[in-house]
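Subject: Structure handover, with notes on pockets and charged pairs

Dear colleague,

Please find the structure below, followed by notes on what was found in it. The notes begin with the pockets and then turn to the charged side chains and two further parts of the chain.

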Amino acid sequence: MRRGRDRLLAQLRPHVADERVLAAVHAVPRDRFVPAKLARDAWENIPLPIGNDQTISQPLVVARMCELLRLRGDERVLDIGTGSGYHAAILARLTAHVWSVERHAALSEQAALNLAAAEVANVTLLVGDGTRGLPETAPFDAINVAAAAAAIPPALQEQLTRGGRLVAPVEEGDQRLVVIEHTSRGFERTTLERVRFVPLI
C-alpha cells in the first residue's frame, strides 16, 4: 500500500507544485473510496467506477483542482458532486470545513461510510441540487465543482466571498478546467487544461 502511494505521488509531482496538496493525496486512503473489488487499483492514476454511472476522479485531476483553489487551511469550502467522498476528503485535509452536495442519495450515504472509514470528520454531506449551491451556508472561500456543465451556474459564483476561487470543468467544444476568482474588479476567469467529467445535473 505504501509503495502504491509513493508511486502515485511520483507521478503527480511533475504536474502539481503545491506540497500541501501532494501530502493530502498521500495521506488520504483512496482505497477506502472505491468498491472493495477495485481496491487494488485504488493507487493507480486513473478514474474508477463507483456506481450510479459515476466515477472517482483521476488523482491528478483532483490534485490539480485542489491546487488551483490555493487553500491555506482556514477556508470554508463548498464541494459540488460528492461521488465517493474522495475529493471532499482531500479538501478536508487542506482547509477548515467542507460542505459537499450530491444529487444521488445512495452515493452520499456511501460517501459518509467512506469518510468515516478514512477518519475524516470535517465534512458535512448533503443531498440536493448542486447547481443551486448552498445559499443557507454561503458565502464560501472556495468552491469545487466535480461535474461538467456548458456554463458555471450563476448561483455558485454568487456564493463566493471576495477573494474566493471556484474551479470547475466547463464544456467549450471540449471540457476544460476553468478557474473563477472573485476580485475587486468582479469575476475573473482563467481557462486551463482539458479534462473529462460526468455531466452536472
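The pockets were found on a 1 Å grid over the protein atoms alone, where a cavity is a set of points at which a 1.4 Å probe fits but cannot get out, a pocket is an open set with protein on both sides within 12 Å along at least five of seven lines, and lining residues have an atom within 4 Å of a point. Grid points are joined across faces, edges and corners, and a volume is the space filled by probe spheres set on the points. Please keep in mind that this is a predicted model, in which local features need pLDDT of at least 70 and side-chain atom pairs count only at pLDDT 80 or more, while totals for chains, interfaces and linings use all residues. Residues are numbered from 1 along each chain as its sequence is written, and side-chain values use heavy atoms, with hydrogens and water left out.

The largest pocket holds about 520 Å³ of space and is lined by 32 residues, with Gln54, Thr55, Ala146, Phe197 and Val198 lying nearest its centre. Two or more lining residues come from each of strand 2 (54–56), helix 3 (59–68), helix 4 (86–94) and strand 4 (97–102), where helices (H or I, at least four residues) and strands (E, at least two) are DSSP runs numbered from the N terminus. Strand 2 supplies the largest share of this lining, three residues. Divided by class, the lining has 16 nonpolar, 13 polar and three charged residues, with Ala, Val, Leu, Ile, Met, Phe, Trp, Tyr, Cys and Pro counted as nonpolar, Asp, Glu, Lys and Arg as charged, and the others, Gly among them, as polar.

The second largest pocket has a volume of about 150 Å³, and its lining consists of Glu67, Leu68, Arg70, Arg165, Val179, Glu181, Glu188, Arg189, Thr190 and Leu192. Helix 3, strand 8 (174–183) and strand 9 (186–194) each give two or more residues to that lining, and strand 9 gives the most, with four. By class, the lining of the second largest pocket has three nonpolar, one polar and six charged residues.

**Charged side chains**

Across the whole structure, a search finds twelve salt bridges, a salt bridge being a side-chain nitrogen of Lys or Arg within 4 Å of a carboxyl oxygen of Asp or Glu. One of them joins the side chains of Arg70 and Glu181, at 3.2 Å from N to O. This pair links distant parts of the chain, since Arg70 sits in the loop between helix 3 and strand 3 (76–80) and Glu181 in strand 8, 111 residues apart. Arg70 is partly exposed, with a relative accessible area of 44%, and Glu181 is likewise partly exposed, at 23%; here buried means under 20% relative accessible area, exposed over 50%, and partly exposed in between (1.4 Å probe, protein chains only).

Glu75 forms a salt bridge with Arg72, their closest N and O atoms being 3.6 Å apart. Glu75 is buried, with a relative accessible area of 1%, whereas Arg72 is exposed, at 58%.

**Helix 4 and Ser100**

Helix 4 is mostly covered, with eight of its nine residues buried, among them Tyr86, His87 and Leu94. Ser100 lies in strand 4 and is buried, at 0% relative accessibility. Leaving aside neighbours within four places in sequence, Ser100 is in contact with Asp79, Thr82, Ala88, Val123, Thr124, Leu125 and Leu126. From Ser100 to Asn144 the separation is 44 residues in sequence and 9.2 Å in space, C-alpha to C-alpha.

With best regards

Definitions and conventions: Contact means heavy atoms within 4.5 Å.
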